[in-house]
Amino acid sequence: MLIKKPADIPPSEITSETNFLNRRDFLRSGALAGGALVTTTAAGALVPDQRGAQLPGVTPGPFSTSETQTSYEDITTYNNYYEFGTNKADPFANAQDFKPRPWTISVEGHADKTGTFDFEDFIKPFDLEERIYRMRCVEAWSMVIPWVGIPLADVVKYFAPTSKARFVAFETLNDPEQMPGVRRPNLDWPYREGLTIAEATNPLPLLAVGIYGRAIPNQNGAPIRLVVPWKYGFKGIKGIVKISFTSTRPQTSWNMAAPREYGFYANVNPQVDHPRWSQARERRIGSGLFAGKQETLMFNGYGEHVAHLYKDLNLRRNF
Ligand code: MTE
């Protein structure tokens, strides 16, 4: 079920995430009840192991839009995360007991630095930035989300891929104990995604660890997920446990499931329709019942930063 905020609430009153968290998350988990206060003493990312905890040391990053932000409630209750069910309300309902700690991320393939890292060690070398991005789902709805994360380009450079690395592949945790959806063959698990090295080293993509200044909720991909604002939302793989530098193009989940409908590139493109619906317009979640649809922008409005990546590519064929 989609929880909508009434259209007549002014934006100044929709930052209800604190109340929402108090009500739903803090009470539920008992988090913060006796929790230690985390202060930032050193440079580098620090994500407290507490549900919904405020993230310390976040600085405003570049590329943020000033468009009205989608409410915390909409961002965290209207989700796609098939590991927790296929309906939009399922991830919120089914991911509350998911454990995003302890968490390890393995870095593999053609890179100078590889290995298996605790989440905390993995993110420590980087700085946390807030970036407010327009997000466009392939299903023709959109949101504006204030992410907190580390630039993927910094992560890629840190692990120093070799000249053989042409792609970066990502995988989600595949745990039937915690993820009821992977007991069904809706997709070929684990969820997989990938980018070219040029895309992964573009300054826009983030590995996100927070929303609205707080640790990212389970249903949005805790503890760490990909955000690529010029591509359809399915590229934004959640709950990442593996990053591989590969010489060949990796298999990606939706492309494997329906190759005629979902491509590897998945760049937002209002001129190339999905075989079953138009991509020309989109419904902004939370904009109110009578707001109508808005025009979808080429590359979701990020063309000045990314169009050069595709100048020699036929975008109709490489959708
Ligand atoms: N990642 C995993 N592991 N499993 C999924 O089903 N769904 C994708 C993407 N990442 C998905 C995933 C899709 S289709 C979308 S639109 C976005 O997550 C939605 O992200 P959000 O729920 O945080 O808005």
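Gly109 has Phe245 of strand 11 as its bridge partner. The model is predicted.

**Sheet**
- Strand 2 (residues 104–109) and strand 11 (residues 240–246) pair in the parallel sense, over 4 bridges.
- An open sheet of 5 strands runs in the order 3-2-11-6-7, and its pairing is mixed.
- Strand 3 (115–118) and strand 7 (192–196) are the edge strands, each pairing on one side only.
- On average, neighbouring strands of this sheet are turned by 20° against each other, direction ignored.

**Salt bridges**
- The count comes to 15 salt bridges.
- Glu129 and Arg131 form one of them, with 2.7 Å between the closest N and O atoms.
- Glu129 counts as buried because its relative accessibility is 15%, under the 20% cut-off.
- Arg131, at 3% relative accessibility, also counts as buried.
- Glu295 forms a salt bridge with Arg281, the closest N and O atoms being 3.4 Å apart.
- This pair links distant parts of the chain, with Glu295 in strand 13 (residues 294–295) and Arg281 in strand 12, 14 residues apart.
- Glu295 is exposed, with a relative accessible area of 56%, whereas Arg281 is partly exposed at 38%.
- Arg284 and Glu282 meet through their side chains in a salt bridge (3.6 Å, N to O), and both residues are buried.
- A network of salt bridges links Glu67, Arg134, Arg136, Glu282 and Arg284.

**His274**
- Leaving aside neighbours within four places in sequence, His274 is in contact with Val138, Glu261, Tyr262 and Gln279.

Definitions and conventions:
Residues are numbered from 1 along each chain as its sequence is written. This is a predicted model: local features need pLDDT of at least 70, side-chain atom pairs count only at pLDDT 80 or more; totals for chains, interfaces and linings use all residues. Side-chain values use heavy atoms; hydrogens and water are left out. Contact means heavy atoms within 4.5 Å. Two strands pair if DSSP finds at least two bridges between them. Helices (H or I, at least four residues) and strands (E, at least two) are DSSP runs, numbered from the N terminus. Axes are lines fitted to C-alpha atoms, for helices over the stretch in contact, and angles run from 0 to 180 degrees between N-to-C directions. A salt bridge is a side-chain nitrogen of Lys or Arg within 4 Å of a carboxyl oxygen of Asp or Glu. Buried means under 20% relative accessible area, exposed over 50%, partly exposed in between (1.4 Å probe, protein chains only).
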